[in-house]
Amino acid sequence: MYKVVFRLFVVLFAFRSWAQSDTTITLQAITGLQFDLARFAVKPNQKVKILFKNEDDMAHNLVITQPDKRLPVVETVIKMGDKAQAVNYVPPMPEVLVASKILVPNTTETITFTAPATEGVYPYVCTYPGHGYVMYGAMYVTTRPLPLLATDPNIPPSRQTLERILSSPHPFPLEYPLLYRTFMPECSPAAIAVALSASHAYCFDAGKCYLRYAWRGGFVDNTDHWKGNGNALGKIQGTIYFKDNVTYPLRVGKADKLPEVDFKGYTLSNRLPTFRYAIDGVEVRETLKALPNDEGVSRTFVFSKPTTQTVYLVTQHTDGITYKSSVGKWQNGTLTLPKGTTKCVVTMQAPPAAQGAHHGH
Amino acid sequence: MNFSKSRVLYKSSLITYFLVQLMISPLFAQRDTITNYYETERIKLPKGLRAETGGMDFMPDGRLVACFHLGEVMTYNPKTKVWKKFAEGLHDPLGVAAISNTEILVMQRPELTRIKDTNNDGVADVYETVTDDFGMSGNYHEFAFGPLKDKDGNYFIALNVASNGAGIRPEIRGTYDSLSREGRMYSCVPYRGWVMKYNVKTQKLEPYASGFRSPNGLGFDAKGRLYVSDNQGDWRGTSPLYHVEKDKFYGHVASLIWKKDFPRVKPLSLPVEKLDSMRTREAIAFPHTEIAHSVTQPLLDNTGGKFGPFMGQLFIGEMDYPRLVRLLMEEVGGQMQGACVAFGDGTGLLKGNNRLVFDKNGDLWVGHNDHGWVGDEGLSRIHWKGKIPLEIMAMNLTKEGFELTFSLPVDAKIATNPSLYKFQRYYYKYHRLYGSPKTDVADVAVKEVTLSPDGKKVSFKLTELKAGYVYDLKMGELKTADGKLLMNRAIYYTLNKLK
Ligand SMILES: [Cu+2]
C-alpha cells in the first residue's frame, strides 16, 4: 500500500515539474553497421518506449549505457568471449542502463524504461562483437535544444551530416533530390514534397502554385499515408524554418491583387525539379536550390518572355528570413520586378538554429 | 542416416504412383479442368516493390509499363525479364496509358499527367499537367481513374466521390458546395462522381456523365461503346457495369449538384422514385457473392483469337475472388444488357485482379492490388494453351426465354433434360442504403428446352419473363460427346428490357 501511494506521488510530482508526456521512438538497425537515427532526445524522467527494429540482414542488439561508458561496455563484452552470447552480449554491469536481446533480421523488440533524472548524453550501441566501435548513437536526456549535428562529438563522424537515414520503400535506392506528390499538412491536397538533400526539404503547392514552407533535419515520412486508406498526411521529419504566411506571394500589375494561377507541371534536371506555372497568364519557371550549409534556399524565377507588367514578390518581414534578390527593389518586404525582367534569383537566408530537441513523432 | 533411406523409399513410391497413373489413365480419363486450356504464370517482381498495381499498358516496343501505389512507374521487358524505373513520386497513380516508348499518360490523384523521357536515359524528366481541372476536398476516397483513349484521341477519366468515413481538409481545390455533403458518400467539389472527357482539340476537361460512386474501371467494347464499372454501396444494390453515354445519369445521387441546370435542391431530398426515373440502369449487375464482390476494369478481347474463342467479348477484373468475369452483352430495345459468367477459376489466378491488358502475343496480363480491399499484390500472365474449352459464348434474350450458345456441340441427351437447368430471378433495390439483398426472389420454371441441329444452341421457354430482374441460371454437368465439361455452370443475365 505504501509503495503504491509513493509511486503515485512520484508520478504526480513528475507531471507537475516537467509537464511531460510519454514518448515513443522508432529506432532501426540498418545496413552498414549503423542505426537509422544518429541521435534522439528525451526529457529527464520521461517514460520512453523504443521500438527497436532490425532492418539489416545480420543480427544486432541495442544497449544504452551511462554517459561516456560506451567503450568500457563494448570492451567488456569482447573480454567475455564465448560467455557473452548467452547474455545477448550484454555484460552484467551497472554501466548498462537498458538493453534489448539480440535481434535476428526483420524482428522487432519494444523496450520501455524511464529516462534518467540527470541530464546528459547517454550512448546507445550495438554490443555484438566488432559492431560497437562504429554502430552507435546518442540519447540526449535534456529539455534544451541539441547541439549542431555537424559538430556533435557524440555521434559517428559519418553521421554528422545526417540525423536519420531513410530506408528506401521503393524497388530502387533513395536518391536526392527526391520528390513525392502526397498529402501534406498546411497545403492544398495537390501537394509536392521535395527533398533537396536527405536533411533539407520544402513543400510546393501544386494547387496554388507556390512554395508553402521549408524545413531542415529530414524529409517526409509517408508510411501512414501509404498504408491504410491514404487519408493520413505525410509527416514532416525535422523543423520548419520558413513558412509563407502571405496569401499568395506573386502578383502581376498590382501589388495588392491576387492572380489567377495555373499549374503546368515540372521538369527534372539531375533530379532537381523546376516548376512550371502561370500567374495571370505570365508563364513562370521556378527552381529551388539549397544555399551553402543549408542556410536557406535560393529561388530562381524565369519568365518565358520578358515581363510586360511589373511583377511583385510579397513577403512577410516578420518571418525570420533574410531576403535578397538579383533584380528589383525591396520595400517593406515587397520586391518589385521591373517590366522586361526575364530572370530573378531570390535568396532566402535562415541560418540553422541549434536543432530542436524533439522529433516529429 | 534414416533420412536418406526414407527419401529413397519416397522416390520409389512416387515412381510406382506415376506408373499406376499411366496404366489406369486410358480407362478412367482425367477429369476435364480449366488447366487443360489456360495457365497462369506469376511475374517475378523487383526487390523492394510493393506491387499494389494501379495501372498497366504496353509500350510499342513490347515493354510493360505499370504504376504502383507508392508512386513508382516501372517498365518490364518480358523478353529479358528486366524491371526498370521509368518515373517516381506520383500520388496514388491508378491508371497508365503508353503513348510511345518514351512517353506515357498517368492518372494520379491530383491530375492527369504526361510523363516523358526527353533525354533518352530511360528515366522520365518531364511531368506535364494535362488537366487538373477538377476538385479535391482532400478526402481519401476521391480516387481518380483512367485515362482511356478514344478513337479520336480524347481521354476519359472517372472521379470518385468522397467517403463520410473521413472529412475534408482545411484547404481544398475547387469550389466548395455543401448541397451534397450529406450521405454516405459525398461530392462537395466539382465533378466528384463524374466521368469526364478530356477533349484534345480544345484541351479542356468536359463533364461527360454523372452518377458514379467508385468507378474503378473504364473500357470500350468492339463497337467503341464506353463502359464504366462501379462498386456495391449506397445507390448500388450490387456491383454494376454501365454503358456510359454523354449527359446521362447513372444513379449515385451526390454528383447531380454539378449537373448544368440542376435545381438547387439536395439530391438526397428527392423521392427515390424520381431519382430512379432519372437514372440509366446498369448493362450488367454482378450478383454480390454469386459471381463478384468488387469488379474492376473491363477489357475487350481484341487479340484476334490468340486468347481463345472469346474475341470481341469483354473481360472484367474482380478484387475479392481469384477470378475474372466474362461479359456477354447484346442490344435490346436500343439499350445494352446481358450476362456475366466466371472466367479463370482454377487457373491459379490470385485475387485483387485490378488491371488487365493484352500483350501482342494475346496473353492477358493481370495487375493485382490489395490496397484497402481484399486482394493480392503482384502481376500475373494468363496464357491460352490452344484448345477450345466448353464455354457459354452467348446468352440471348428471346420472346419467351433465353438462348445459350456454346463453344462446342453439347451432348444432346444431357442438354435436352430440363431438370439440368435451374432458373431463378431477383432484383437489387435502388436506394440510399449500402447494397441490397436479393429482392423478390423466385424460381422460374423451364417450360421447354430445345437443342439446335448443330448441338451448339440450347433454347429455353420460361413460364415467366420480367424486366428489371437478374435471371440467374445454374446448370448441372453439361458436356460434349467426347467428355469435355462445361467450365462455368452459372450465368447471370440482367434483364432491363424485354424483347
Ligand atoms: Cu550490431
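## Overall fold of chain B

Chain B holds three helices and 34 strands. Its radius of gyration is 24 Å, close to the 23 Å that the globule rule gives for 499 residues, so chain B is as compact as a globular protein of that length. The model is predicted.

Along the principal axes, the C-alpha atoms of chain B fill a box of roughly 75 × 65 × 45 Å.

## Burial and contacts

Of the 499 residues in chain B, 60% are buried. Contacts in chain B were also sorted by sequence separation. Among those between residues at least 6 apart in sequence, 59% join residues at least 24 apart.

## Surface and charge

Chain B exposes about 20300 Å². Carbon and sulfur atoms supply 53% of that area.

The chain carries 66 positive and 57 negative side chains. The centres of these two sets lie 3 Å apart.

## Strand pairing in chain A

Which strands pair with β8(A)? One is strand β5 of chain A, residues 63–65. It runs antiparallel to β8 (residues 120–125) of chain A, and two bridges join them. Across this pairing, Ile64(A) stands opposite Tyr124(A) in β8(A).

Strand β9 of chain A, residues 136–141, also pairs with β8(A). This pairing is antiparallel too and spans six bridges. Here Pro123(A) has Ala138(A) in β9(A) as its bridge partner.

In a regular strand, side chains alternate between the two faces of the sheet.

Methods: Residues are numbered from 1 along each chain as its sequence is written. Chains are lettered from A and ligands numbered from 1 in the order in which they are written. This is a predicted model: local features need pLDDT of at least 70, side-chain atom pairs count only at pLDDT 80 or more; totals for chains, interfaces and linings use all residues. Side-chain values use heavy atoms; hydrogens and water are left out. Helices (H or I, at least four residues) and strands (E, at least two) are DSSP runs, numbered from the N terminus. The radius of gyration is taken over C-alpha atoms; the globule rule is 2.2 Å times the number of residues to the power 0.38. Buried means under 20% relative accessible area, exposed over 50%, partly exposed in between (1.4 Å probe, protein chains only). Contact means heavy atoms within 4.5 Å. Accessible areas come from the Shrake-Rupley method with a 1.4 Å probe; for residues, only the protein chains shown count as cover. Lys and Arg count as positive and Asp and Glu as negative; His and the chain ends are not counted. The place of a charge is taken as NZ of Lys, CZ of Arg, CG of Asp or CD of Glu. Two strands pair if DSSP finds at least two bridges between them.
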